[in-house]
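I opened my notebook for a walk through this fold. Here is what I looked up, entry by entry.

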Amino acid sequence: MHAAIDDFLRGLAGHASPATLDAYRRDLAALAHFLEAHDIDDWSTLDVALVRRFLGAERTRGLAPRSLARRRAALSRFADHLVRSGVLAHNPVALTQTPRQPRHLPRPVDVDQLSRFLDTPHDDTPLGVRDQAMLELFYSCGLRLAELTALDITDLEARRVRVVGKGSKPRQMPLGGRAQVALAAWFKARGQLADAEERALFVGQRGVRLGHRAVQKRLVHLARERGLPEHLHPHRLRHSFASHLLESSQDLRAVQELLGHANLSTTQVYTRLDWQHLADAYDQAHPRARRHETSGDG
């Protein structure tokens, strides 16, 4: 059974991120363990009832709705693979459902508070210069964590950066003035940390590419060190970028392109305009929005 999982993951590796592969590997290992515990050792016996029993067991042991939905998605893609391989006649996961996911959006950091945080002087060490460049790039471009850590020095030009997003979809992002200054300073200091042959834009103390966890830890440390009374993580900086830009520009399509979203509906959920802003825009723009007073007794 595990050989079939390995075969599926090898086929997925060409167009999925390492994080997705790791998540799918865990999800499918959980399913295999569940089936083996019930003395099932053949994928051809996988049916709707078994899938529902597995998802129900996962829910009972406390798996969150979001994780349960991802687990079901992994199972469905794997079942499609089994159908293509001739092991199954149809995809049994397609006939199951998971609980509706609550939409938890990170609250954007207040724009003035975030500006003060970014403008706080650092210690001018190579690590301090690097951290400032990472912060400015995150907020200037609204990058995902995986996008930032995957950047090479050749991805940067004078006023833009080339990014490869989800689904290996490339896009180009303009660099703000503050980000350009911070990156120029980092390029001058980078040689004190980076190995001579290292292509990664951001490196750690050992001179090699900075990993996801290291970046997350640095953001938490910097928020505490600079007195930001907020929990800071990459996705929150990305959300702040989108929210602040949308509030100023009112251009949802442009924000969609900058975020690298395939569908506009994703951007609408992600950026979340507050109700009062929408109401004010409606009052100002809609020809029937304002109630006109009439004269006379009626």
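**Entry 1: overall make-up.** For my element count, helices are DSSP runs of H or I with at least four residues, strands are E runs of at least two, and both are numbered from the N terminus. On that basis I find 13 helices and two strands in the protein chain. I keep in mind that this is a predicted model. Of the 298 residues in the protein chain, 41% are buried. I also looked up the contacts with a separation of 6 or more, and 58% of them join residues 24 or more positions apart. The chain exposes about 17,400 Å², with carbon and sulfur atoms supplying 50% of that area.

**Entry 2: L148.** Is L148 buried or exposed? I read a relative accessible area of 1% for L148, so it counts as buried, the cut-off being under 20%. L148 belongs to helix α7, residues 145-149. Leaving aside neighbours within four places in sequence, I listed its contacts as M134, L137, F138, L143, F202 and V215. I also checked P234, which is 86 residues from L148 along the chain; their C-alpha atoms are separated by 9.5 Å.

Entry 3: Next I turned to R71, which sits in helix α4. R71 counts as buried because its relative accessibility is 7%, and the limit for buried is under 20%. Which residues does R71 contact, leaving aside its neighbours within four places in sequence? I find R26, D27, A30, F54, E58, R61 and L63. I then noted that R71 is part of a network of salt bridges, linked with D27, E58, R61 and R70.

**Entry 4: salt bridges, one by one.** Side chains of opposite charge can pair when their charged atoms come close. How many salt bridges does the count come to? I get 16.

- D22 and R25 meet through their side chains at 3.2 Å, N to O. Both lie in helix α2, three residues apart, which is about one turn of the helix. D22 is partly exposed at 38% relative accessibility, and R25 is partly exposed at 39%.
- R160 and E157 form a salt bridge at 2.8 Å, N to O. I read R160 as partly exposed, at 39% relative accessibility, and E157 as partly exposed too, at 34%.
- R199 and D152 have a salt bridge at 3.3 Å, N to O. This pair links distant parts of the chain, 47 residues apart: R199 is in the loop between α8 (177-190) and α9 (212-225), and D152 is in the loop between α7 and β1 (160-164). R199 is exposed, with 52% relative accessible area, whereas D152 is buried at 12%.

Entry 5: Where do I place D41? D41 is in the loop between α2 (18-37) and α3 (48-60). With a relative accessible area of 64%, D41 is exposed, since the cut-off is over 50%. D39 lies in the loop between α2 and α3 as well, and D39 is exposed at 75% relative accessibility. I noted the backbone of D39: its phi is positive, about 60°, although it is not a glycine. On the surface, E36, D39, D41 and D42 gather in a patch of negative charge.

**Entry 6: another positive phi.** I also noted D124, with a positive phi of about 65° although it is not a glycine. D124 is in the loop between α5 and α6 (126-141). D124 is exposed, with a relative accessible area of 62%.

**Entry 7: V87.** My last stop was V87, in the loop between α4 (65-84) and α5 (111-119). Not counting residues up to four places away in sequence, V87 touches W43, S44 and L82. For V87 and S44 I wrote down both separations: 43 residues in sequence and 5.5 Å in space, C-alpha to C-alpha.

Definitions and conventions:
Residues are numbered from 1 along each chain as its sequence is written. This is a predicted model: local features need pLDDT of at least 70, side-chain atom pairs count only at pLDDT 80 or more; totals for chains, interfaces and linings use all residues. Side-chain values use heavy atoms; hydrogens and water are left out. Buried means under 20% relative accessible area, exposed over 50%, partly exposed in between (1.4 Å probe, protein chains only). Contact means heavy atoms within 4.5 Å. Accessible areas come from the Shrake-Rupley method with a 1.4 Å probe; for residues, only the protein chains shown count as cover. Patches are made of residues with over 30% relative accessible area and no salt bridge: like charges are joined within 9 Å, nonpolar side chains (Val, Leu, Ile, Met, Phe, Trp, Tyr) within 5 Å. A salt bridge is a side-chain nitrogen of Lys or Arg within 4 Å of a carboxyl oxygen of Asp or Glu. Lys and Arg count as positive and Asp and Glu as negative; His and the chain ends are not counted. The place of a charge is taken as NZ of Lys, CZ of Arg, CG of Asp or CD of Glu.
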